[in-house]
Amino acid sequence: WADLTREPADWREKNLFVGRRGDIERLAVEGPEGRVLLAKRGDDVWLESPVVDRADGTLANALVSTLTGLRAVRFLEPSEAEEADTGLASPRGTIEVVLAGRETPMRVIVGGEEAERENAPPTEEAAEPNRFLIVDGQPVTSKAALVEHVERGVEAWRSKDLVVGEVYELARLEAEDAVGVTALERAESDWLRDGERIDYGTATDLLYEISGGAAERVVESESLDALGEPVLTFRLVPDESGGDAGDGVGEGADEVEELRLFAPVDELTPATVSTRPGVLLLSAETSAAIFDKLAAVRGAEVQLDPDAAAPEDELDAAGEGDDDA
């Protein structure tokens, strides 16, 4: 009896995404800040327009997760969608999703909040408000948080990560400056500095400072005067075995990256990365931390290998002593 009295709309599939996560090839996001085109390049996501640069992987993943989890709360009649208080006549933005094997993009139009119209059903304060959407021509209400994505400008989409590689993916790091060249190389669970074992924490402090570091902002190289020669260059060589593969967007490094730091400009340190265009501007605190941790690596004491056998003369000396002792 419950099934016989169910409303017709209750029988409709409420999951609105029409493909799989891996099918997404491109995303066109348009809002008040303009139109941004995101596209896959291997395992990474890049901005293709209005600038070409590596996209912020965290933001790209968040948008993809929101789209793949897109679900209708309520289906609307076309006449209801045309009403002014839905915000669909003058939408906040649109998203087009190009999917492999589908001829036409999936199109999502983002309107206003349902709570903004008169006689709207109450919404719990902690819950995401229902928002009016049109998904492939079907007007619905949904809790999908898409406004923050369509209102994001291109500068916010640009990745501020110094490098793409993670510490677990690295086999070797070389640092070169006026002092000389210092190399860190992975030796199973330890790190060797120029062939000698040093404190693991001191080595990884530098590695995490680089792999986890972020710029204040990213600018085009034309906006700065000639940078001159770098004052410090890092060369990051990935482990050819590949390490543990991630399942997110924009994860992993499969080529050598060079991070070059230049003399400060207006208290910000310009930096370039060989795998992407643009200039990253680092805060004074971020650049100082990198130089400090490099100095700590260079000054770290050599550690004895705990598995190495003691020399014979030391063993002999350990058994000899003064008879009168």
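Helices here are DSSP runs of H or I with at least four residues, numbered from the N terminus. By that rule, His149 sits in helix α3, residues 147–150. The model is predicted.

## His149 and its surroundings

His149 counts as buried, because its relative accessibility is 2% and the cut-off for buried is under 20%. Its contacts, leaving aside residues up to four places away in sequence, are Val29, Leu59, Ala62, Leu63, Thr66 and Trp157.

## Strand β6 and its partners

Strand β6 covers residues 93–99. Six of its seven residues are buried, so the strand is mostly covered. Strand β1, residues 24–31, runs antiparallel to β6 and is joined to it by six bridges. Within this pairing, Leu27 has Val97 of β6 as its bridge partner.

Strand β7, residues 106–113, also pairs with β6. Five bridges join the two, and they run antiparallel. Thr94 stands opposite Ile109 in β7. β6 and β7 form a hairpin, with six residues between the strands. Gly101 lies in the turn and has a positive phi of about 85°.

## The nine-strand sheet

An open sheet is built from nine strands with antiparallel pairing. The order is β13-β12-β11-β10-β15-β16-β17-β18-β14. β13 (196–197) and β14 (217–219) stand at the edges. Each has a single partner strand, so one side of each is left without a neighbour in the sheet.

For β14, the pairing is with β18, residues 279–282. Three bridges join these two antiparallel strands. Arg217 stands opposite Leu281 in β18.

Two helices pack on this sheet. Helix α5, residues 200–211, touches β10 (170–177), β11 (180–187), β12 (190–193), β15 (232–238) and β16 (257–261). The direction of α5 makes about 90° with that of β12. Helix α6 touches β10, β11, β12, β15, β16, β17 (269–273) and β18. The direction of α6 makes about 70° with that of β15.

## Helix α6

Helix α6 has 16 residues, 284–299.

Which residues of α6 are buried? They are Thr286, Ser287, Ala289, Ile290, Leu294 and Val297. Seen down the axis of α6, these buried residues fall within an arc of 155°, so they line one face of the helix. The face turned away from that buried side carries the exposed residues Glu285, Asp292 and Gly299.

## Salt bridges

The structure holds 22 salt bridges. The table lists three of them.

| Pair | Closest N to O |
|---|---|
| Arg92 and Glu151 | 2.7 Å |
| Arg131 and Glu113 | 3.2 Å |

Arg20 is exposed, with a relative accessible area of 60%. Asp23 counts as buried, at 16% relative accessibility.

The salt bridge between Arg92 and Glu151 has its closest N and O atoms 2.7 Å apart. This pair links distant parts of the chain, 59 residues apart. Arg92 is in the loop between α2 (78–81) and β6. Glu151 is in the loop between α3 and α4 (154–157). Arg92 counts as partly exposed at 33% relative accessibility. Glu151 counts as partly exposed at 32%.

The salt bridge between Arg131 and Glu113 has its closest N and O atoms 3.2 Å apart. Arg131 lies in strand β8, residues 131–135, and Glu113 lies in strand β7, so the pair ties together parts that are 18 residues apart in sequence. How accessible is each partner? Arg131 counts as buried, because its relative accessibility is 8%. Glu113 counts as partly exposed, at 22%.

Some salt bridges share partners. Such bridges join Asp53, Glu155, Arg158, Glu220 and Arg276 into one network.

Methods: Residues are numbered from 1 along each chain as its sequence is written. This is a predicted model: local features need pLDDT of at least 70, side-chain atom pairs count only at pLDDT 80 or more; totals for chains, interfaces and linings use all residues. Side-chain values use heavy atoms; hydrogens and water are left out. Buried means under 20% relative accessible area, exposed over 50%, partly exposed in between (1.4 Å probe, protein chains only). Two strands pair if DSSP finds at least two bridges between them. Contact means heavy atoms within 4.5 Å. The expected span of a helix is 1.5 Å times one less than its number of residues. The arc is that of the directions from the helix axis to the C-beta atoms. Axes are lines fitted to C-alpha atoms, for helices over the stretch in contact, and angles run from 0 to 180 degrees between N-to-C directions. A salt bridge is a side-chain nitrogen of Lys or Arg within 4 Å of a carboxyl oxygen of Asp or Glu.
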